Amino acid sequence: MSALLRETSREPRERTSARIQVGRAGTRPTTAQLLRFQEDHACAQDAVLATVDAGTPGRLGCVLESRSSARDKSEYLRNPGTGRKLAEGEEGRILARITPGAQVLVAVGDGLSPAAVEAQVPVLLPALLGCLRKEGFESIAGPVFVHLARVGVLDALGEILRPEVGILLVGERPGLATALSLSAYLGYRPGPGRSDADRNVLSNIHEGGIQPLQAAAMVARWAASMRRQASSGVGFRPDAG
Amino acid sequence: MLQTRMRGRSWNFGSLYEVMAKANAPKSGDRLAGICAQSAQERIAARQVLSEIPVSRFLEEPAVPAERDEVTRAIQAGIEPIAWAEIRGWSVGELRERILAANGPTLLRWGKGLPSEAIAAVAKLMSNLDLVSASAKIAVDVRCRTRLGGSGILSSRLQPNHPTDDLAGILASLDEGLSYACGDAVVGINPADDSVGAVRRTADAVSEHVHDVLGVPTQVSVLAHATTQMEVLRQGGRLDLVFQSLAGTEDACRSFGISGQLLSEARACQKELRPELGQVMYFETGQGSELSAGAHHGIDQLTLESRCHGLARIHDPFLVNTVVGFIGPEYLADGREVARAGLEDHFMGKLHGLPMGVDVCHTNHMDADQNDLESLAVLLAAAGCTFFMGVPMGDDVMLNYQTTSFHDLATLRETLGRRTAPAFEAWMEREGILRDGLLTESAGDARFFSAGRRRSA
């Protein structure tokens, strides 16, 4: 039997972000709920396909703009390996600007959400650089911006710049709840042959998750611990000093 | 002789599995692996060659040699010799025609005699409507606590996930799902915290709510790793099904932390603890996981998916579902590729004799939306799919992807004249949520179950 049921009690919805007590029109969602869902999905889709503004890397204080070997967004999405390598000729460009062997390398990548970079990095990055200095890092390479970047591009940068610790701030795959979530990946001596198991990640950096300033302090502390422990990844103990 | 002539041009292929890969419908995962056809014509030439290959060749020449791969050995162990003798002389093209002309019981009999690679081969020669038509004839019946399957039944897994496993949040989504008559296959939760303690907490609380308080005729599952679930069971935790994700090669299974022996142990563990249950295993599969694990051995993702079904078959599952569209655009690029893969996986599972469901889903970084998902759900429901996922508005707030909703399940049942499993429907009728298989005026309001019912029994 068909029925029109508007939103009902709000009380159970306080316990979960799931879309419950939403009512129905026959067996289908109400118009308001249908459009709310489509609005959230549209934000997520636009976030994936967006590109960072031309002025963003400079405004963020990046000393260099580099790019992965992915030719365009479509290749980047369908062949993740292209986002883990740097484009041809980038090694020379990078070495012309940055001296290898720093204690820490800081990189920013658009990843799957340039919008997350635009939203979180302006607050996170200056704070991170300050926290790294407070944690005793004297030589900091970068920040470097990498267009069409996947997490593994940290190892490609590490191969060229040979830092003790590598940090990559990168936009996460957008969900319906937020398209503005950023992750920070850290690795000790990033380079060829490293994998996900050799890195640590602080994810969920956004307004509704870990605040950017809080994230900056945590990332700097982890970087310092990695340097002291001379390791990262599955064997790394963030709280062991 | 793996060659053919088409319009005056000759096409040669180096190996059986080069033909298999190139005969596939276009999928980004096969492109990523560098094994797909280089042109539309080469794809059809490969299908020409494939259509003439005798079915017997797939037992002689498995995708990965039996000596080095236990999935191959599981597939071979699952083949029923009398059925095999009936089919082995046919070509793949002939097998397609016979499948399309046969009735359901015959298809179930033949399926038991077919190696997984041969099932994959014939799927490659079938159009989308071929796949729907053949699948719709195959009715697979299973029993755990309750009975499931059979023709005219469209069931659902109620998936009330919560980002931090908050129990009140899980139960709120669970009650909402029940109020749309979802959950007759299983109430299955993906835990955010997959430690033994957390999994047991969720398993016990959800079992109490579903079984003791409400008395819903269904099953409960918490989808942690099989080893974790076994520990929960040994400690006295309450789970009806043991869940595990499968892969189509031994190396990929190892990357999942599983082996054939582990699956046998998990099943034996639950059968011993709960002898009253029928089938006790719940498996998930999905094209692309072997390539993702770097363990595909140059084999195409459709063939490897079929091999997952061959592995599942010898462990006699209550539920199997492919998760089609979760893994990302590098394996299935868009709604069209997802639709094709969903129909293939469902058909191959059914021909293996499995109670096959489909998680019809997409992520936000692929070229697909809710319309693609709804279209595929209609096709699969028409194909007799055993079950879909039921998630509040299709938005899983823990796994961050979109799948079928409580509303979608109710719509598919109403539009296509499908019913929930009989015992579940009878319970829903008594509760006043269903009448003649359709939602009543009371449906869609979770307060129906939560008001005064919780822990009152």
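The following dialogue explains how to read several local features of a predicted model.

Student: What is the mean pLDDT of chain B?

Tutor: pLDDT is the predictor's confidence in each residue, from 0 to 100. For chain B the mean is 95, and 98% of its residues reach 70 or more. The model scores are ipTM 0.93 and pTM 0.90.

Student: Is B:Arg7 buried or exposed?

Tutor: A residue is buried if 20 or more other C-beta atoms, placed from the backbone, lie within 10 Å of its own, exposed if 12 or fewer, and partly exposed in between. B:Arg7 counts as exposed because it has 6 C-beta neighbours inside 10 Å. Although not a glycine, B:Arg7 has a positive phi of about 50°.

Student: Is B:Ala181 buried or exposed?

Tutor: B:Ala181 is buried because 30 other C-beta atoms lie within 10 Å. B:Ala181, also not a glycine, has a positive phi of about 60°.

Student: Which residues are in contact with B:Pro160, leaving aside its neighbours within four places in sequence?

Tutor: Contact requires C-beta atoms, placed from the backbone, within 7 Å. On that basis B:Pro160 is in contact with B:Ile170, B:Ser173, B:Leu174, B:Gly177 and B:Ile189.

Definitions and conventions
Residues numbered from 1 in each chain as written. Chains lettered and ligands numbered in written order. Predicted model: local features only at pLDDT ≥ 70, side-chain atom pairs only at ≥ 80, totals over all residues. Contact = placed C-beta atoms within 7 Å.
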